[in-house]
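I opened the notebook to record what I looked up in this structure. The entries follow the order in which I went through them.

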Amino acid sequence: MTRRCWTPLLVLLLLWAGPAYPALALTQPADDSTDSASSDAFDGPEDDGEDLWNFDDEEEDVETWATLLRSQALDMALFTGFAALTLVSFFRKSVWLKYVTFVVAIGYMGFAKSQLISVVNIYGVMTGNMPVLRYNLAWYLFAGFTVVSTVLWGRLYCGRVCAYGALTQLLDRFVPARLRVDVPTWLERRAAWIKYGLLGGTLLYFLVTANITAFRYVEPFWLFTRRGSTGLWIGLAVLLIATIFVRNLYCRFLCPVGAALGLLSKLTVFKIKRWSACNTCKLCEKTCEWGAIRGPEIVLTECVRCDDCERLYHDTSRCPHWLILARAKLRATMSSAKTAVTG
Ligand code: SF4
Ligand code: SF4
Ligand code: SF4
């Protein structure tokens with residue numbers, strides 16, 4: 001296997017591994033009272049004369065998969081519902097369902113759960129600091145969905161699930177077009193590399209210092225926990241104001257997680273199809289807000305499966321492919337009619 005093939009496999013392993021301490025805080029795992037509950041179960045009887053050998057309580061404290069599943073069932077069900085909404089909106093290529101998904105991603109995944117993939121998840125695998133599966137079932141569902149959907153379809157996580165991405169895409173919806181600045185293609189292509197530099201730099205910094213706190217300075221996801229220093233809030237305000245003018249600024253140019261998922265998406269199984277007419281047609285390239293179309297090629301690392309080009313692909317009134325087909329069909333009908341008359 002070539003080195004190129006190994007890169008996405010390595011990223012897949014890193015992302016699959018799960019969060020370390022700060023990401024556990026971000027992902028709000030199941031109440032770790034289960035730990036104390038289990039240790040309580042092995043404590044001796046209380047000698048205060050009130051609760052000696054209370055067998056009923058002990059039975060309640062015994063930790064089985066059934067009790068663990070019961071205590072995390074709501075979280076798991078809610079995430080499963082959100083994942084289903086994501087997939088339905090993706091497969092139906094529905095614009096309004098996509099915006100519903102954004103709202104749920106911001107409200108539920110963001111502000112309610114603060115559940116986002118973070119560079120700290122990569123630190124976690126480097127140190128072997130993994131979350132305990134039985135206490136973090138909903139988190140593993142979320143991480144599993146992210147990895148599997150990226151391998152199957154590309155950066156669906158960025159296009160639908162990530163609360164920050166959803167926030168900026170929703171923001172973009174309300175920004176008047178006259179305020180937008182189109183980044184020149186040459187600059188856009190070069191700037192897209194910054195996020196890989198940030199990913200490499202952050203990982204190197206962690207390897208050298210074993211300090212995980214840098215993650216707060218390279219990703220603004222702490223926003224959903226509403227806990228940040230004055231400096232961080234000012235930085236975030238500047239970033240969001242800049243995003244008004246430059247679409248998806250952070251996602252396109254700066255996000256280390258987006259870079260890691262971009263590498264993973266090189267494994268994409270179900271790619272966006274292209275027609276032969278795409279070799280010359282520029283319609284989709286102009287429509288793509290992510291700079292992910294270069295001529296006939298879809299750049300997998302940049303594409304977030306937003307559906308914009310796929311809707312054009314199927315649009316029989318706008319996509320030249322269908323017009324060419326219709327013209328060819330008309331020509332064939334006319335020539336067979338002519339043959340019938342002359343024959
Ligand atoms: S690029 Fe980063 S911030 Fe943007 S949607 Fe993807 S993970 Fe989220
Ligand atoms: S509009 Fe149709 S032909 Fe043009 S680039 Fe898009 S899919 Fe290809
Ligand atoms: S327009 Fe197409 S190529 Fe561009 S990000 Fe959306 S799905 Fe990907």
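Entry 1, burial. I call a residue buried if 20 or more other C-beta atoms lie within 10 Å of its own. The model is a predicted one, and I kept that in mind throughout. With that cut-off I went through helix α7, residues 119–127, and found Val119, Val120, Asn121, Ile122, Tyr123 and Gly124 buried. I then looked at what follows α7: this is Gly128, with a positive phi near 70°.

Entry 2, the whole chain. I looked up the helices and strands and noted 19 helices and 2 strands in the protein chain. The chain has 343 residues, and 35% of them count as buried. I also checked contacts with a separation of 6 or more, and 78% of these join residues 24 or more positions apart.

I listed the residues around ligand 1: Cys158, Cys162, Tyr164, Gly165, Tyr250, Cys251, Cys255, Val257 and Gly258. Helices α10 (163–174), α15 (249–254) and α16 (256–264) each give at least two residues to this shell. Sorted by class, the shell has 7 nonpolar and 2 polar residues, and no charged ones.

How do the axes of α12 and α16 cross? I found that the axes of α12 (residues 194–209) and α16 come within 8 Å and cross at roughly 100°. Angles of 65 to 115 degrees count as roughly perpendicular, so α12 is roughly perpendicular to α16. On the α12 side I noted Lys195, Tyr196, Leu198, Leu199 and Thr202, which meet Pro256, Gly258, Ala259 and Ala260 of α16. The residues of this contact divide into 6 nonpolar, 2 polar and 1 charged.

Around ligand 2 I listed Trp275, Ala277, Cys278, Cys281, Leu283, Cys284, Cys309, Leu312, Tyr313, Cys319, Pro320 and His321. Helices α17 (283–287), α18 and α19 (320–342) each supply at least two residues of the shell. Which helix has the largest share of the shell around ligand 2? I found α18, with 3 residues. By class I noted 11 nonpolar residues, 1 polar and no charged.

I noted 14 residues around ligand 3, of which Cys288, Cys303, Cys306, Asp308 and Cys309 come nearest. Helix α18, residues 308–313, gives the most to this shell, with 3 residues. The classes here are 9 nonpolar, 1 polar and 4 charged.

How values were computed: Residues are numbered from 1 along each chain as its sequence is written. Chains are lettered from A and ligands numbered from 1 in the order in which they are written. This is a predicted model: local features need pLDDT of at least 70, side-chain atom pairs count only at pLDDT 80 or more; totals for chains, interfaces and linings use all residues. A residue is near a molecule or strand if its C-beta atom, placed from the backbone, lies within 6 Å of it. Helices (H or I, at least four residues) and strands (E, at least two) are DSSP runs, numbered from the N terminus. Ala, Val, Leu, Ile, Met, Phe, Trp, Tyr, Cys and Pro count as nonpolar, Asp, Glu, Lys and Arg as charged, and the others, Gly among them, as polar. A residue is buried if 20 or more other C-beta atoms lie within 10 Å of its own, exposed if 12 or fewer, and partly exposed in between; C-beta atoms are placed from the backbone. Two residues are in contact if their C-beta atoms, placed from the backbone, lie within 7 Å. Axes are lines fitted to C-alpha atoms, for helices over the stretch in contact, and angles run from 0 to 180 degrees between N-to-C directions. Angles under 35 degrees count as roughly parallel, over 145 as roughly antiparallel, 65 to 115 as roughly perpendicular and the rest as oblique.
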